[in-house]
2 protein chains.
Amino acid sequence: MSVTNPGKDNAKENTLNSLLLDFPSGPLDLYRQKASFNWKELALFWDGEEIIRVKQDIFRTLENDPLFARQPGEDLTVEKNRELTFLRCKQLFEYDFLTLAEAVQSPLKAIAVLNCLGMYDWSLASVYSLNKQMFGGTVINSGSNRHHQFVEKIINMEIFGCFALTELSHGSNARAMRTTAEFDPGTQEFIINSPDFEAAKFWVGNMGKTATHAIVFAQLQTPDGVCQGLHSFIVQIRDPKTLLPMPGVMVGDIGKKLGLNGIDNGFAVFHNVRIPRENLLNRTGDVTPEGTYVTSFKDPNRRFGASLGALSVGRVSITGIAVMNLKLCLTIAIRYSAVRRQFGPTDHEEIPVLEYQLQQWRLIPYLAATYALDHFFKSLFMNYVEYQMGVLMKDKSETQAELGKEIHALSSASKSLGSWTAQQGIQEFREACGGHGYLAMNRLGDIRNDNDPNCTYEGDNNVLLQQTSNYLLGWIKAKHQDGVAIKSPLQSVDFLDDFNSVLNQRFTVTINGCMDCSVALAAYKWLVCYLLRESLMKLDDEKNSGKSDFECRNNSQVYYCRSLAIVFIEYNVLQRFHDFIHSSDTPINLQPVLERLSSLYGLWALNKHTAVLYQGGYFTGNQPARRLQNTVLNLCAQLKDDSVALVDVLAPPDFILNSPIGKADGEIYKNLWAAVLQGKNVLERPSCFEPPFYHGIKPTQSSTNPILSKARVTPPTPARSWLRALLICISSIFPGAS
Amino acid sequence: MSVTNPGKDNAKENTLNSLLLDFPSGPLDLYRQKASFNWKELALFWDGEEIIRVKQDIFRTLENDPLFARQPGEDLTVEKNRELTFLRCKQLFEYDFLTLAEAVQSPLKAIAVLNCLGMYDWSLASVYSLNKQMFGGTVINSGSNRHHQFVEKIINMEIFGCFALTELSHGSNARAMRTTAEFDPGTQEFIINSPDFEAAKFWVGNMGKTATHAIVFAQLQTPDGVCQGLHSFIVQIRDPKTLLPMPGVMVGDIGKKLGLNGIDNGFAVFHNVRIPRENLLNRTGDVTPEGTYVTSFKDPNRRFGASLGALSVGRVSITGIAVMNLKLCLTIAIRYSAVRRQFGPTDHEEIPVLEYQLQQWRLIPYLAATYALDHFFKSLFMNYVEYQMGVLMKDKSETQAELGKEIHALSSASKSLGSWTAQQGIQEFREACGGHGYLAMNRLGDIRNDNDPNCTYEGDNNVLLQQTSNYLLGWIKAKHQDGVAIKSPLQSVDFLDDFNSVLNQRFTVTINGCMDCSVALAAYKWLVCYLLRESLMKLDDEKNSGKSDFECRNNSQVYYCRSLAIVFIEYNVLQRFHDFIHSSDTPINLQPVLERLSSLYGLWALNKHTAVLYQGGYFTGNQPARRLQNTVLNLCAQLKDDSVALVDVLAPPDFILNSPIGKADGEIYKNLWAAVLQGKNVLERPSCFEPPFYHGIKPTQSSTNPILSKARVTPPTPARSWLRALLICISSIFPGAS
C-alpha cells in the first residue's frame, strides 16, 4: 500500500485538465461516467504530453484556417477536390509544422504530424509527402551531392515532385519495367523513352496535374549496348512557370479513383526526352562521361535491392495509416452505438445498441486491435529509425544487416495485417451503423475508400506476405542445414530456436475461466512453428514431385505460407503489446483495462485460427474453442462500459473527425439533422425541373421519337376488373428496396 | 453409347450461333480455346432462349438510346446523377419493356427485366421499381378498390411515389415509429404529424426531389384516444405540376451516400397535414366515418405482421441483386486475371496471374458461389411466386401458411448470405485487380458501393438471421414438446427430423481424393443439427441463470444462432444446386463442369466452418481439414481453364458492363489507355492554374496573412554540410505512398 501525496495528485490532475478538456455533457455521459479509468490519464500515457501538444497545435491551426473549412458529405468534383487539396498543400509549406531539426530530434513527432494531416484528409497528407518526402527523400537516399539543388527547390516549393516506378502493364514485378534511358556521350545526356503505351508510367501520385519533376525508373543502357538494369533519374516533366509539359513528354491525369481523389495520379509517355547525365541518381551506380558503367555492387540483384531499399519505410507508415483509419471509424461507430437505441426488454423501453452482445462482438475487438496495432506501429517505427541511423553511420555490422532484414519481414506483414484489419473493421462499422453509416456525411465511406489502396500499394498484401514467410523459412533452413541459433536483433523469431519443443506443447488452462494474454501467446508460438513445419513439408512435397522452384513456391502459398506470415505478425503485435503493458512504465491503475484489451485482441485474433489449432492437435475436444469464445464474449462485456472512454483517448477533435454521428457531444440526431439541412439545395426542386413535369405517358410522343418507336409502348391500361388480380401478381414480382 | 444425329446437331449449333455471337478474337482466346464445354450451350441451358432474348432486347435498346450513353469512370455530381437517373426512368416508362400480361405469364422474365436494368445501374432500377412496384405494389396489396386511381396514375406516370417507413431514429424496430395519424370525424380526415425531427421520415428513396405521393407509416389514433398501431396512408407530399411541397410538409434530400447516388433519398416532417379518410390503406384495418376502428385481426401483432408481409419479397430480390453484382465483378476480375501477366518461371517470361494458385483460390470459389446462388435465387423466386398465387387464390390451408413461413426464413438468410458474399467477393476482386481495380473507370468501386446497402436495407443482415434461427428453433421445440414430424413444403428442414442420427454421423471419405458435393452436404446437415443443439443448450443455460427472454435471445446470437442461420442457408443453396445438376433436364455434357462448381462451392463454404466441425467432433485428426483444403485447390486448378468461358456465360455486353479491363475482347491495356485519354481535361493544366504558380516560399507573404503569421515559418535552409545527414534522417521519417 503506497501513501499518496494529495498535493502531487492535485498538480497532476491540474496538468491533465489544462492539457485535455472535458467533453461536452450529453447522451454519452452515461458511458463516460461508467468508465473504469480516467481517459485523460490514459491519453497522456499513450501519446505523451509533447505529442499531444503537437497534435493539438496542428488540429487547431487547420480548424482556424478558412482554407481548411469543409462540410460533412460535401459533393466535390474530382477537379475541385484536387484544386483544394493542392492549395492546402501549398499552405502546409507555409505552416511548416515541424522544422528539420525538430523532426530529427523526435521522429515520433514527425510521424505524428503526418498522421494528423492524414486524419484530416489522406489525399492532402499524400500530396504533401509524395513531393517532400517521397521525391525529396529518394533524391537524397539514392542521389549524391550533385542533386541537392533539387532538394532545396522542393523544400522552397519552387518545383514539385513525384515518384514514377509503376507502368501501365507492370506493378508488382518492378524489375520488369520497360522505360529506357540510353546514354549519349556526344551530348552527355540520357535519352528517356517509353517503348510503347503499355510502358507508360502510370498511377504516379502528383503527376497528373501538378508535378514539375519526376524520379523516373528506367533501364539504363550504356553506349556499348549493355542494359545495366533499372536505375532512377530526375526528369523534368513540366515547366514550373507555365505548368506546360516539356518537349517529348506526354503527361496527363489517369482520372477518378475509388478514393483519394485529392491526389492527381498521372501517367507519362516519354519520346526522346533528353536529360543531363548528372540527373542519374548515382548512389549505387553511375555512368562516366565516356559512357562506362561503374558500381560498387558486383551483383546487379544486390544493387537493385539496395536502390529499392528506400521504399521499405512506406510499409511501416502504412501500418500507421491503417491504425489512424481505425481510430477515426471506431470513434464514429462506438459513439453512435452508445447513443442509438433500438428495441428493448419491453415495447416501451429501448436500450443502446452497444448493450447487445452481438454489437459488442462486432465492434469491441477492433478497439482492442487498434490499441495493439497502434503500439506495434510506433515501436516498429522506432526500430526503423534506429536502423536508418545505422545506415547513416555507415554501420556495416552483421547486426545492422540482420536488423534490416527483420524490419523488412515485420513491416511487410504488418502493412498487410494493418490494412486488412482496417478494411474489415471499417466495413463492419459501416454496417453496424446501419443506414446512417451509409450516409456520406458520416465519413465511413470516405475512410473506407481512402484506406483501400493500403492493401495494394507499396506491394500487394498477398505478395508482401511472401517476404515474411521467406524470412521465416530462411531461418529454419539455416538452423537445419548450418546449425545456426535462431536469434534476431528484435527477437521476433527467437522462440523458433525451440521449434520442436514448442510443437510438442498443447493447450492447457489451469485456472478456470481465466484466460489472459499468455494463453494466446503460447498458442501463437505453436501456430507459427506448426505452419512453418507444414509449409516446409509442402515445399518438399512439391519439389519431390519434380516441380521447378517457381512452381513449388507458388503452390505453397495458400497452404500455408500466407497463414504463416499472418500468425507470425499477429504474434509479434500481441507480444509487444503484452510486454509494454507489463513494463514498469505503465501506471498500475491503467493496467487492468490495457490487459483486457490485450487479452481480447489475442484471443479474438487467435479464434480465427481455431481450425488450424484443432487440425494440428493443439486443441482437442470441444472445451478449448468454447473457452476461447466465451472469454471473447466476456471480455467484450467487461470492456463495453470502457469503450466510449477508450475511443475518447484516440479520437481527434470534431473538426478533424468531420462526422455528425461521431461528434464528442453524442447528439447524433441533432448533429445529423443539422448537417442534412445545411446541405446544398436540400429543399429545392430538382435541377432538371421544368413544367409540365408529370404529364403522363402519351403514345403519340414516342411515335415521334425514332428511338422510342422501336419500343413496345403500351397504352394506359383501363382499370378493368382483372387488373387488381394481375397487379397483385406483378407487385410481388417487382419489389423495391428502400 | 448414343447414336448422334448430325443434322439435328447442326440445327442446334445454328440456333446457338444465331442467338449468341462469338466474342472478338484477342488475348482471351488462350483460355476460351481451353474450355471443356461450349459456353453457348451452357448459356442457353442456364437462362433459356426466352430470357436471353428479353435481356438482349433490353441491353440493345439501352445501348441504342443516347440518353443511356455514359463514359467509364465519369465524374458526375450528385445533382447531375439524380437528374440523369430520373430522365432515364421516365424513358423506361415509355419503353415499358414488359406488359402486365407478359409479366404474369412469365415471372422470371419480369425479374430478368429488373436485373438487366440493375446491371446497367442499380440507381435506375431502384428509382423505377420504388415508384412502380414498391409504391404501386403496396397500394394494391395493402389497399382496396378505392385506391386504384393511384395505381393507374403511377402506371401512367402522372404521379410519382415513394415508401416511407424508416424514421431518423428508428429503422430495425419498425413498430416503434412515432409519426401519428389522428382521425378527425368532423372533416373526415386524418391529420398526419411528426412529433419532432427524430420522427422525421428519413432515407425514403425518391422522396428527396421527385416523389409526389408517399405511403406513410404512422400510428393511427381514433377519436376515442386509442392508438391502434402502425398503419399505412397515402399522403400527397408535392404538387405534380409544380413539384412544390404541399402545405404542412417539409420535404427534402438527405444528401450524398456511399453509392446509389442516382436515387434521391429524402426526409419529410409533417405538421398537421390533412388527408382524406379514404387514404388509409385499409386491407387489414379501417376507420368508419364515425371514427370506429374495424379489423378482421383480433391480435394487433398479427395485423402488424400481415401489413408488413408485402416487404418480404424484397429479400428474395436482394439475393438476386447481389448475384448480379457478383456476375459483373467476376467478369471484370477473371478476364483481367487471364490477360494480366506478372512474373514467371524466368526473368524473360511472364505468365497470366490466373495461373497462380493464390489468384485462383481468391477468385474461382466466388465463381462457383455465383452459379450456386444464382440458381438458388431463381428457384426461391419461383417458390415466392407460387406462394403469392396462393395469397391471390385466398388459399387458407396450413401448407400455404407454412410455405409463407419457410420462404420468410429462407429469404431472410439468403439475403444476408448473398449480400455478404457479394460484399466480400467484390472486395477480393478489387484487390485481385491491383491498382487498376482501384481506378473508378473499371467499375469495381461503384458496384461495391451500390451493393453495400444490400447488407442493411429490408432488414440488417444480423437482425434478419435471427428470423431464420428462430424458425429452426421453433421446429425443434415443436418436435420435442409436441412430437410433430419436421416436414416443410419446400423440404428445407426435413432432414432435421433425423436430428439425433445426423448428430451421430462423422466425417468419412471412402474413395481417396474424391470429394464430391455429397461430402459437403453431409457435413452441412451435421453442422445445422450441431449448432441447433448448441443454441438450444445456450438458451437453456441463459434461462436457467434467471435471465429474461429478451436477454436469453440476445446472448445466444453470437454463439450460435447467427452461425446456425448461415450454415442452414448454405446447406440449402448447395442442396438445390446439387439437385438441379443431377436432374434429367441438365445436359450430360454440361454436368462435369457444373459438378465441379457445386463441389467447389460446397467445400469452400464448408471450409469456413472447419473449426466447428472439429469442435463438435465431426472431424478428428489432421486429415479431414487437409483433404478439404487440397480438394478446394484441386478444383480451382481444374476450373481455371474453364473460368473465362464460365464468366462469358454470365457476362452482360460491354456497354452494360462499362469496364475497360472487363471488356470481352480482353485488350485490357488498349481499352484502359483509350478510356484514360477520353477522360475530361486529361492533358490540360489544373483548373486553379494561374502564373506565377511555383514561386517559392517567401516569409514576407505569410506575415501579411493574419492566419499564417501564427505559423512557424522557416526560411529556406541553406545547403550546409550537415543538411545531407539531417535529410537522410527526415526522409526516412516521412515516407510517401505511390
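# Report on a two-chain model

At 44% relative accessibility, Asn272(A) counts as partly exposed. Here buried means under 20% relative accessible area, exposed over 50%, and partly exposed in between, with a 1.4 Å probe and protein chains only. Asn272(A) sits in the loop that runs between strand 8 (266-270) and strand 9 (273-276) of chain A. Although Asn272(A) is not a glycine, its phi is positive, at about 50 degrees. Helices (H or I, at least four residues) and strands (E, at least two) are DSSP runs numbered from the N terminus.

The model is predicted: local features need pLDDT of at least 70 and side-chain atom pairs count only at pLDDT 80 or more, while totals for chains, interfaces and linings use all residues. Residues are numbered from 1 along each chain as its sequence is written, chains are lettered from A and ligands numbered from 1 in the order in which they are written, and side-chain values use heavy atoms, with hydrogens and water left out.

## Chain A as a whole

Chain A contains 28 helices and eleven strands. Its radius of gyration is 29 Å, close to the 27 Å that the globule rule gives for 738 residues, so chain A is as compact as a globular protein of that length. The radius is taken over C-alpha atoms, and the rule is 2.2 Å times the number of residues to the power 0.38. The C-alpha trace of chain A spans about 90 × 85 × 65 Å along its principal axes.

Of the 738 residues in chain A, 64% are buried. Its accessible surface is about 26,600 Å², and carbon and sulfur atoms account for 52% of that. Contact means heavy atoms within 4.5 Å. Among contacts in chain A between residues at least 6 apart in sequence, 74% join residues at least 24 apart.

## Relation of the two chains

Chain B is superposed on chain A by a rotation of 180 degrees with 0.0 Å of shift along the axis, at an RMSD of 0.0 Å. That is the relation of a two-fold axis. In chain B, Ala611(B) has the C-alpha nearest the axis, at 2.0 Å. The superposition is by least squares on the C-alpha atoms of residues with pLDDT of at least 70 in both copies. The copies meet through the same surface, because 100% of the interface residues of chain B are also interface residues in chain A.

Which residues of helix 26 of chain A are buried? They are Ile668(A), Tyr669(A), Asn671(A), Leu672(A), Trp673(A), Ala675(A) and Val676(A). Since seven of the ten residues of this helix (residues 668-677) are buried, helix 26 of chain A is largely enclosed by the rest of the structure. The cover over these buried residues comes from both chains: it includes helix 11 (313-339) and helix 14 (434-437) of chain A, together with strand 4 (201-204), strand 7 (249-253) and strand 8 (266-270) of chain B.

Pro692(A) is in the loop between helix 26 and helix 27 (699-704) of chain A. The peptide bond joining Pro691(A) and Pro692(A) is cis, with omega about -5 degrees. In chain B, Pro692(B) is placed in the loop between helix 26 and helix 27, and the bond from Pro691(B) to Pro692(B) is cis with omega near -5 degrees.

Lys680(B) also belongs to the loop between helix 26 (668-677) and helix 27 (699-704) of chain B. The C-alpha atoms of Lys680(B) and Glu74(B) are 8.2 Å apart, although 606 residues separate the two along the chain.

Phe86(A) is part of helix 5 (residues 78-95) of chain A. Apart from neighbours within four places in sequence, Phe86(A) is in contact with Met157(A), Phe160(A) and Thr210(A), and also with Phe693(B) and Tyr694(B). Its C-alpha lies 9.4 Å from that of Asn206(A), which is 120 residues away along the chain.

Asp96(A) is in the loop between helix 5 and helix 6 (100-105) of chain A. Its phi is near 45 degrees, a positive value in a residue other than glycine.

Lys298(A) is in the loop between strand 11 (293-294) and helix 10 (300-308) of chain A. The C-alpha atoms of Lys298(A) and Thr179(A), 119 residues apart along the chain, are separated by 23 Å.

| Residue | Relative accessibility | Class |
|---|---|---|
| Phe86(A) | 4% | buried |
| Asp96(A) | 11% | buried |
| Lys680(B) | 71% | exposed |
| Lys298(A) | 86% | exposed |

How values were computed: Accessible areas come from the Shrake-Rupley method with a 1.4 Å probe; for residues, only the protein chains shown count as cover.
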